[in-house]
Amino acid sequence: MKKNLLISLKLTLVLILLCSLLYPLLIAGIGKAAPNAGKGETVSINGKVVGYEKIGQKFADDKYFWGRPSAVDYNAAGSAGSNKGPSNPDYLKTVADRIDSFLVHNPGIKKEEIPAEMVTASGSGLDPDISPLSAMIQIKRIAMVRNIPEPTLKALVETHTEIPLAGMFGPSKVNVLKLNIALDNLQQKK
Amino acid sequence: MTNELIGVVFMFGITLLLSYPLGKYIAKFFNGEKTFTDFLNPFERFIYRISGIDPNEKMNWKQFLKAMLTINLLWLVYAFFLLIFQDKLPLNPDGNAAQSPDLAFNTAISFLVNCNLQHYSGETGLTYFTQLFVITFLQFVSAATGIAALAGVLNGLKEKTTENLGNFWTLFIKSITRLLLPLSIIAAVLLVFNGTPSSFDGKDTITTLQGDTVQVSRGPAAAMIAIKHIGTNGGGWFGANSAHPLENPNYFTNMLEMIIQVLLPMAMIFAFGFYIKRKKLARVIFGIMTIGMLCLLIPTIISEVYGNPALQKMGLLQPTGAMEGKEVRFGVVASGYWSTVTTIISTGSVNSMHDSFMPMSNLMQLLGMMINAFYGGCGVGILNYLIYIIIAVFISGLMVGRTPEFMGHKVEAREVKIAALVTLLSAFLVKGFTALAAYMVAHHPDIAWSVKPSAWLNNPSYHGFSEMLYEFTSANANNGSGMEGLGDNNIFWNITTGIVLLLARFIPIIGPVAIVGLLANKKHIPESPGTLRTDSWTFGMMTFAVIIVINALSFFPALALGPIAEYFSLK
């Protein structure tokens with residue numbers, strides 16, 4: 001017993017050194033060579049950081065493409081999903097309200113056309129992406145608000161659509177922040 | 001949807017391809033044969049020397065367990081004290097507070113036992129110091145404990161008659177130096193270059209394009225996320241676990257994290273075959289486990305792709321499936337695959353929120369954890385399967401009227417009793433404690449705990465019951481995933497799940513080690529035509545049937561009250 005305890009104590013110290021100190025330091029060191037030195041990739045406009053590439057942002061204004069509903073209101077100090085079950089009556093009411101609000105802001109769009117992810121909260125509350133379909137569906141609204149022809153916007157969404165990994169694996173998606181920055185640039189150029 | 005399906009098939013294929021040679025390699029270093037990692041020999045000898053370990057010492061099953069339990073107890077105390085004093089320790093750039101004693105009790109146990117149930121959110125509940133010195137540390141050593149326990153059992157099975165299960169210390173250390181650490185370094189580097197943070201900078205404050213001011217939590221997460229999956233631990237750096245865009249930035253990292261969490265559980269099965277020189281038995285076990293996995297996976301994917309019937313009724317088409325709680329970059333198929341895998345192999349990390357899955361998928365997740373032996377956790381998966389084998393051997397023996405035997409040893413009353421107790425323990429813990437929780441909600445909703453029982457459940461009715469059942473099932477399976485709507489950071493859940501975690505970790509390890517220790521001591525009976533062949537597919541199906549029957553008998557009533565009832569109410 002005493003022998004085991006002594007070994008345990010010494011071995012624990014060695015392993016703390018190895019697994020909790022040297023290993024993370026090694027990774028942090030290698031991380032210095034990664035984009036933005038392993039601090040998370042940022043997106044800047046004129047040298048001013050406006051966001052993290054991978055962290056979704058809240059877009060409530062009609063002139064921007066919207067992202068998905070978020071349980072943490074896109075404040076990345078924390079992260080969470082809604083954790084609402086599929087049969088929860090309050091949850092179904094929330095979704096119905098989101099559908100109504102989407103229809104009000106997007107005249108000319110029918111209920112059946114709304115992709116489910118635009119009215120359901122993401123897992124992290126920070127989902128940076130929407131599906132290409134969800135971007136296309138908002139073109140009519142943005143064209144109206146910004147006075148840009150619809151084909152121009154359609155082309156913009158298409159250039160910002162990221163195809164599946166290696167062209168084969170997983171879904172296509174659009175990064176909402178990058179799309180909206182490109183949208184702002186489009187107008188400045190005019 | 002096709003691309004999403006191809007992605008999943010590809011992930012499974014790659015895992016299979018990698019796990020076979022890895023299994024061979026594991027068998028070699030367990031056995032002390034030459035491997036390409038022998039350059040680590042001097043380093044390991046150095047560790048033995050300063051820790052006072054005699055690498056040539058042989059241990060019988062009792063000595064083996066004593067060594068294992070002693071060091072585990074030490075880690076528990078160490079982790080607990082660091083967590084309750086974390087606010088006074090360095091590396092706390094976000095100024096996070098200390099954990100309450102009951103939360104620290106739960107967290108320390110949870111990570112010690114390789115479960116990683118989290119009653120806190122990583123962004124606020126821990127400091128960088130405790131993330132690394134408690135969480136990451138325990139993720140390494142708990143996985144290595146499981147692997148060493150398996151190696152001990154294999155040593156017992158390998159020899160005809162032996163007292164010797166090997167040396168716990170050397171098996172344990174080698175599991176880290178030869179397996180967990182090298183694999184983690186590779187995975188962590190890949191994560192870092194795909195956008196997972198690795199620096200020690202604290203929260204950042206930014207003004208968004210629209211003009212909101214928000215904060216972004218960060219930290220040296222990549223190192224921890226790698227071992228979290230390699231060691232089938234599952235506890236996340238961030239609250240949303242691998243649904244968080246920094247913890248799992250894109251489809252490639254999703255594949256990576258998915259592959260590395262199944263890698264060791266699968267490789268262990270092959271290692272088992274190579275090490276005890278019964279490759280056919282390993283193949284049969286692997287086949288049965290894969291069939292079991294598919295039985296859980298296929299209904300999950302179908303119901304997630306179909307979407308939520310309640311939303312369908314509202315007139316919403318769901319071309320991308322049931323997206324509540326899921327991320328666009330993964331899609332529903334990869335999320336469904338993840339949810340199945342993470343529940344059968346006891347990782348418990350998530351890339352989507354299990355609370356928002358369809359009832360059919362919840363049922364599959366719960367079954368995966370209740371059975372807990374389709375691949376199973378790092379090392380312990382096979383130990384759980386071994387218990388089912390012992391029971392299957394016993395029942396088949398009764399059916400054909402022969403003395404049950406396993407690998408040339410008579411299986412007698414004592415071994416069967418241990419196996420039966422280990423099996424019954426799950427049913428007792430899960431149902432007993434769920435009943436207690438349901439009783440508190442129904443009859444004492446206003447007790448002044450930090451979260452009142454009336455506020456525990458995030459969803460009413462059947463789904464609320466599922467949340468409680470899930471929590472104890474997850475604790476009992478040492479899984480760690482949760483239906484996270486449950487308000488679980490209060491003294492009731494912290495203490496009760498803590499107790500379940502401890503019992504459900506160590507008894508299912510002690511049980512098989514003891515069984516094998518006892519079996520290995522007996523006289524070896526050479527195989528004859530009259531021997532029940534445990535490496536035949538017939539016996540494999542027998543084991544599968546035993547698994548289904550035991551779990552159906554144990555859990556069907558509870559499942560009927562939760563996901564099954566919800567399923568029918570949604571139709």
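1. A166(A) sits in the loop that runs between β4 (161-162) and β5 (173-175) of chain A. Strands and helices here are DSSP runs numbered from the N terminus, a strand being E over at least two residues and a helix H or I over at least four. This is a predicted model, in which local features need pLDDT of at least 70, side-chain atom pairs count only at pLDDT 80 or more, and totals for chains, interfaces and linings use all residues. Residues are numbered from 1 along each chain as its sequence is written, while chains are lettered from A and ligands numbered from 1 in the order in which they are written.

2. The phi of A166(A) is positive, about 55°, although A166(A) is not a glycine. Most residues other than glycine have a negative phi. A166(A) is exposed, since 12 other C-beta atoms lie within 10 Å. The cut-offs are 20 or more other C-beta atoms within 10 Å for buried, 12 or fewer for exposed, and in between for partly exposed, with C-beta atoms placed from the backbone.

3. N372(B) also calls for a comment. Its phi is positive at about 60°, and N372(B) is not a glycine. The residue belongs to the loop between α13 (359-371) and α14 (380-400) of chain B. Is N372(B) buried or exposed? N372(B) counts as buried, with 29 C-beta neighbours inside 10 Å.

4. For chain A, the domain assignment gives domain 1 (1-39) and domain 2 (41-189); such bounds come from an automatic or database domain assignment. The centres of these two domains of chain A, taken over C-alpha atoms, are 40 Å apart.

5. The contact takes 86 residues from chain A and 102 residues from chain B, where two residues are in contact if their C-beta atoms, placed from the backbone, lie within 7 Å. On the side of chain A that touches chain B, at least two residues each come from α1, β2 (48-52), α2 (89-105), β3 (129-130) and α6 (176-189) of chain A. The largest share of that side is the 21 residues from α1(A). By class, the side of chain A has 47 nonpolar, 26 polar and 13 charged residues. Ala, Val, Leu, Ile, Met, Phe, Trp, Tyr, Cys and Pro count as nonpolar, Asp, Glu, Lys and Arg as charged, and the others, Gly among them, as polar.

6. Helix α1 (residues 2-31) of chain A packs with helix α7 (residues 168-192) of chain B at an angle of about 15°, their axes being 10 Å apart. The two helices are therefore roughly parallel. Axes are lines fitted to C-alpha atoms, for helices over the stretch in contact, and angles run from 0 to 180 degrees between N-to-C directions. Angles under 35 degrees count as roughly parallel, over 145 as roughly antiparallel, 65 to 115 as roughly perpendicular and the rest as oblique. The crossing of α1(A) and α7(B) is right-handed, the term for a near helix turned clockwise from the far one by less than a right angle, with anticlockwise giving left-handed. Residues making the contact include I7(A), Y23(A) and L26(A) of α1(A), and W169(B), L181(B) and I185(B) of α7(B). Its residues divide into eleven nonpolar, one polar and no charged.

7. How does α1(A) lie against helix α6 (residues 128-158) of chain B, and what is the angle? The axes come within 9 Å and cross at roughly 115°, so α1(A) is roughly perpendicular to α6(B). α1(A) passes α6(B) in a right-handed crossing. L15(A), I16(A), C19(A), S20(A) and P24(A) of α1(A) meet L132(B), F133(B), T136(B), F137(B), F140(B) and V141(B) of α6(B). This contact has nine nonpolar, two polar and no charged residues.

8. Within chain B, α15(B) packs with helix α17 (residues 491-521) at an angle of about 170°, with axes 9 Å apart. That makes α15(B) roughly antiparallel to α17(B). Among the residues that meet are R414(B), E415(B) and I418(B) in α15(B), and F492(B), T496(B) and V500(B) in α17(B). By class there are 17 nonpolar, three polar and two charged residues in this contact.

9. H443(B) lies in helix α15 (residues 413-443) of chain B and counts as exposed, with 9 C-beta neighbours inside 10 Å. H443(B) and P453(B) are ten residues apart in sequence, and their C-alpha atoms are 9.2 Å apart in space.
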